[in-house]
Amino acid sequence: MRETINRRIVLASRPVGAPVASDFRMDTEPLRSPDEGQMLLRTVYLSLDPYMRGRMSDAPSYAPPVGIGDLMVGSTVSRVEISNVPAFTVGDWVLSQNGWQEFSVSDGRGALNLGAHPAKPSYALGVLGTPGFTAYMGLLDIGQPKPGETVVVAAATGAVGSVVGQIAKLKDCRVVGIAGGTEKCRYAVEELGLDACLDHRSPKLNEELAAACPKGIDVYFENVGGLVFDAVLPLLNARARIPLCGLIATYNGDPAAESRCRTSELMATLLKRRIRVQGFIIFEDYGSHFGEFRKQMTEWFGAGKIKYREDIVSGLENAPEAFMGLLQGKNFGKLVVQVSAEAGT
Ligand SMILES: NC(=O)c1ccc[n+]([C@@H]2O[C@H](COP(=O)([O-])OP(=O)(O)OC[C@H]3O[C@@H](n4cnc5c(N)ncnc54)[C@H](OP(=O)(O)O)[C@@H]3O)[C@@H](O)[C@H]2O)c1
């Protein structure tokens, strides 16, 4: 290995509204050798996820914020370059939390060894990792879809939403996706097999959703909030279930996404229709189920029952722009940054 420098992206300032390029800064530091009991990991793939917007803010949350000047957090798939940890061998693939940087030194705690030859290493960040797990537990444990019911999923072509829609189809539901734009909606129907998909930017979303859900909505998998939820709320059936997974439309504090004060209407609807809403944080609530999920998803995926799409951006320096795009729907599939070549440097 020739490198002597580690490039890393740190938080330069806390965003006000949507993040901008100057909220991030590329830093360098000398690459340090691992001590006894440590290994050097080279980041190959970095996952970019909506929760990172929350970490850039110091508002109270379920996880601490990234400090100003600190490394941006993130899940990574890496390769072992040097190992002084018995359970890891040079060349092994590792799922861990390196953050937005080219190298990291790890003692192996919290690192999952994916072995020397995983079929698709980056899939551990998506369909076989946190997003897939989130879709699986949220839909099946909280949503509890029954055959013939209508399931609506927002951000339907994204990392979580695409898996939700396909599992709901496997459970024989009518599935309606909501996504941004014609091309994503076409993909949701023709490739993922959803029954219908609607563009959330359509001025007639409310009417179009009502027409696509003639029997109302039994399960709404919430990834977005804001105006999409406005369209869903009147259509919820008695005893509907809402896995409250994410509210990406509100993460930048966009006032347009919160244009209506809905608290009274919301509470009255929940009461009158006996609707169950449950928020969840995937590993905190369901961490012990990860093995069960991996087994089932590997089986479904291997049998061609679940399709998966990645949006791979090349180069660590392009991570900030890609992340800003994620919050505007510019990604098409699971957003991953390829930080270095799979085969090594
Ligand atoms: N609770 C948990 O433990 C947990 C775990 C993982 C993820 N999540 C949540 O799950 C949701 C989806 O995450 P993901 O990783 O699968 O991301 P993703 O869907 O792959 O990417 C985000 C997508 O959100 C949509 N979006 C962005 N801004 C929007 C807006 N203003 N209105 C409507 N849609 C908007 C865009 O899709 P369109 O172009 O289709 O609009 C964008 O592509 C997020 O809310 C995330 O926070 C929660």
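This is a predicted model: local features need pLDDT of at least 70, side-chain atom pairs count only at pLDDT 80 or more; totals for chains, interfaces and linings use all residues.
**Aromatic rings**

I started with the rings. I got 15 aromatic pairs in the structure. The pair I opened up was Y123 with Y308, which is edge-to-face, with 4.7 Å centre to centre and 80 degrees between the planes. I wanted to know which parts of the chain this pair ties together. Y123 lies in the loop between β7 (112-115) and α2 (130-143), and Y308 in the loop between α9 (290-302) and β14 (310-314), so the pair links parts that are 185 residues apart in sequence.

The edge-to-face label would need planes over 60 degrees apart, and stacked would need them under 30. Y220 is buried, with a relative accessible area of 0%. F229 is buried as well, at 11%.

I also wanted to see which rings gather into one cluster. The answer is F133, Y136, F283, F290, F293 and W300, which form one aromatic cluster.

**R309 and its two rings**

I checked what R309 does with the rings around it. Its charged end sits over the ring of Y187, 5.1 Å from the ring centre. R309 also lies over the face of F332, and there the distance to the ring centre is 3.5 Å. I noted that one arginine turns up in both entries, over Y187 and over F332.

**Around the ligand**

On to the ligand. Which residues come nearest to it? I counted 25 residues around the ligand, and K184, H200, Y251, F280 and N331 come nearest. By class, the shell has 16 nonpolar, eight polar and one charged residues.

For H200, a polar side-chain atom lies 2.6 Å from an oxygen atom of the ligand. For C245, the backbone is what matters: one of its N or O atoms lies 3.0 Å from a nitrogen atom of the ligand. F280 also uses its backbone, with a polar atom there 2.7 Å from a ligand nitrogen. I finished by asking how much of the ligand the protein covers. On its own the ligand has 910 Å² of accessible area, and the protein covers 89% of that.

**Side chains that reach a backbone nitrogen**

I looked at Q166 first. Q166 sits in helix α3 (residues 159-170) and is buried, with a relative accessible area of 4%. Where does its side chain reach? I found it at the backbone nitrogen of K307, 2.6 Å away.

S106 was the other one I checked. S106 is in strand β6 (residues 103-106) and is buried, at a relative accessible area of 12%. A polar atom of the S106 side chain lies 2.8 Å from the backbone nitrogen of G108.

Most residues other than glycine have a negative phi, so I kept a note of exceptions. D172 has a positive phi of about 60 degrees although it is not a glycine. I located D172 in the loop between α3 and β9 (174-179), and it is exposed, with a relative accessible area of 53%.

R239 is another exception on my list. Its phi is near 65 degrees, which is positive in a residue other than glycine. R239 sits in strand β12 (residues 236-244) and counts as exposed, at 51% relative accessibility.

Last entry. I looked up where A21 sits, and found it in the loop between β1 (5-11) and β2 (24-30). A21 is exposed, with a relative accessible area of 51%.

Technical notes: Residues are numbered from 1 along each chain as its sequence is written. Side-chain values use heavy atoms; hydrogens and water are left out. Rings of Phe, Tyr and Trp (its six-membered ring) pair if their centres lie within 6.5 Å; planes under 30 degrees apart count as stacked, over 60 as edge-to-face and the rest as tilted. Helices (H or I, at least four residues) and strands (E, at least two) are DSSP runs, numbered from the N terminus. Buried means under 20% relative accessible area, exposed over 50%, partly exposed in between (1.4 Å probe, protein chains only). A charge sits over a ring if NZ of Lys or CZ of Arg is within 6 Å of the ring centre and within 35 degrees of the ring normal. A residue is near a molecule or strand if one of its heavy atoms lies within 4 Å of it. A polar contact is a pair of N or O atoms within 3.5 Å; within protein, one must be able to donate a hydrogen and the other to accept it, and residues adjacent in sequence count only if both atoms are side-chain atoms. Accessible areas come from the Shrake-Rupley method with a 1.4 Å probe; for residues, only the protein chains shown count as cover. Ala, Val, Leu, Ile, Met, Phe, Trp, Tyr, Cys and Pro count as nonpolar, Asp, Glu, Lys and Arg as charged, and the others, Gly among them, as polar.
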